[in-house]
Amino acid sequence: VTNYFAQLKVAIPLLMEEHHVPGLSIAVVNKKKVIFSASYGYSDLSKTTHITPTTRFSVQSVSKTYTAFGFMLAVQDGKVSLDDPLKKYVPAFSVKHKDGQDYSHDITFRHLLKHRSGLAHEAPVGNNFAYGALEEHIHSINDTFLRFKPDEQYSYSNLGIDLVAYALEQIYNRPFDEYMKEKVFIPLEMTNSTFN
């Protein structure tokens with residue numbers, strides 16, 4: 001194993017150069033022990049800020065796992081059920097379907113978490129290409145169309161998880177990032193992680 005990590009230390013900078021990666025940080029963990037960690041490169045293209053073990057990176061879709069975990073803690077606390085309709089906590093939620101029917105009342109948290117709600121991948125506001133406040137983002141979902149009826153098929157959707165996060169805000173009457181910090185990140189000793 002030691003030889004592997006020695007080779008990795010040599011290979012990573014070469015691969016970074018080949019693939020034009022300005023910086024990265026890596027940690028390999030075996031159960032509760034870190035067996036390898038290293039940081040390479042810069043957090044900016046002007047090469048002024050070195051990557052360190054505490055440099056924050058956007059984890060993108062890995063955040064869905066943490067959001068789902070945070071939601072399941074709310075289920076465990078008896079605050080919500082997987083089979084509750086989303087509209088119970090987000091009454092203004094509405095979404096169109098090509099057949100003219102309103103399926104908004106049928107979408108449950110189970111559908112959202114399993115990517116079986118029928119929601120599109122992105123919303124007009126707050127997607128990967130156009131940012132806005134969470135409230136604006138959630139409201140803009142009302143301008144989208146379902147791709148299929150709830151639970152009819154699987155389709156990966158950022159919107160489903162965003163709606164789960166927004167519902168947690170409504171359930172606990174506090175910002176999602178504060179809820180996640182208290183319920184997930186602090187207990188897991190993830191002191192450099194945030195949704196803010």
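## Chat about pockets and ring pairs

Reader: Hi! Which residues line the second largest pocket?

Author: Ala27, Val29, Lys31, Lys32 and Val34 line the second largest pocket. A pocket here is an open set of points on a 1 Å grid over the protein atoms alone, where a 1.4 Å probe fits, with protein on both sides within 12 Å along at least five of seven lines; lining residues have an atom within 4 Å of a point.

Reader: Before we go on, what kind of model is this?

Author: This is a predicted model, in which local features need pLDDT of at least 70 and side-chain atom pairs pLDDT 80 or more, while totals for chains, interfaces and linings use all residues. Residues are numbered from 1 along each chain as its sequence is written, and side-chain values use heavy atoms, without hydrogens and water.

Reader: Thanks. What volume does the second largest pocket have?

Author: About 160 Å³, taken as the space filled by probe spheres set on the points, which are joined across faces, edges and corners. By class, the lining of this second largest pocket holds 3 nonpolar residues, no polar ones and 2 charged. Ala, Val, Leu, Ile, Met, Phe, Trp, Tyr, Cys and Pro are the nonpolar set, Asp, Glu, Lys and Arg the charged one, and the others, Gly among them, are polar.

Reader: And the largest pocket, what is its volume?

Author: The largest pocket comes to about 1700 Å³. It is lined by 48 residues, and those closest to its centre are Ser58, Val59, Gln60, Ser63 and Thr194.

Reader: Which elements give two or more residues to that lining?

Author: Strand 1 (23-30) and strand 2 (33-41) do, along with helix 2 (63-76), helix 4 (134-140), helix 5 (158-172) and helix 6 (176-185). Helix 5 gives the largest share, 5 residues. Helices (H or I, at least four residues) and strands (E, at least two) are DSSP runs numbered from the N terminus.

Reader: How does the lining of the largest pocket split by class?

Author: There are 22 polar, 19 nonpolar and 7 charged residues in the lining of the largest pocket.

Reader: Let's step back. How many helices and strands does the chain have?

Author: The chain has 6 helices and 2 strands, and along the sequence they follow the pattern α-β-β-α-α-α-α-α. Its C-alpha trace spans about 60 × 35 × 30 Å along the principal axes.

Reader: What is the mean pLDDT of the chain?

Author: The mean is 91, with 96% of the residues at 70 or more; pLDDT is the predictor's confidence in each residue, from 0 to 100. Among the elements, helix 4 has the lowest mean pLDDT (85), while helix 3 (residues 109-113) has the highest (98).

Reader: On to the rings: how many aromatic pairs are there?

Author: The whole structure has 8 aromatic pairs. One of them joins Tyr89 and Phe109, and this pair is tilted because the ring planes stand at 50°, with the centres 5.8 Å apart. Rings of Phe, Tyr and Trp (its six-membered ring) pair if their centres lie within 6.5 Å; planes under 30 degrees apart are stacked, over 60 edge-to-face, the rest tilted.

Reader: Where do Tyr89 and Phe109 sit in the chain?

Author: Tyr89 is in the loop between helix 2 and helix 3, and Phe109 is in helix 3, 20 residues apart, so this pair links distant parts of the chain. Both Tyr89 and Phe109 are buried (under 20% relative accessible area; exposed is over 50% and partly exposed in between, with a 1.4 Å probe and protein chains only).

Reader: What about Phe176 and Phe195, what geometry does that pair have?

Author: Phe176 and Phe195 pair edge-to-face, with 4.8 Å between the centres and 70° between the planes. Phe176 is in helix 6 and Phe195 in the segment after helix 6, 19 residues apart, another link between distant parts of the chain.

Reader: Is Phe195 buried or partly exposed?

Author: Phe195 is partly exposed, because its relative accessible area is 29%. Phe176, at 8%, is buried. Ring pairs also link Phe176 and Phe195 with Tyr66 and Phe185 into a cluster.

Reader: Last topic, backbone. Which residue has phi near 60° without being a glycine?

Author: That is His115, with a positive phi near 60°, in the loop between helix 3 and helix 4. His115 counts as buried because its relative accessibility is 11%. Asp151 also has a positive phi, of about 70°, although it is not a glycine. Asp151 lies in the loop between helix 4 and helix 5 and is partly exposed, with a relative accessible area of 38%.

Reader: And how much of the chain is buried?

Author: Of its 196 residues, 36% count as buried.
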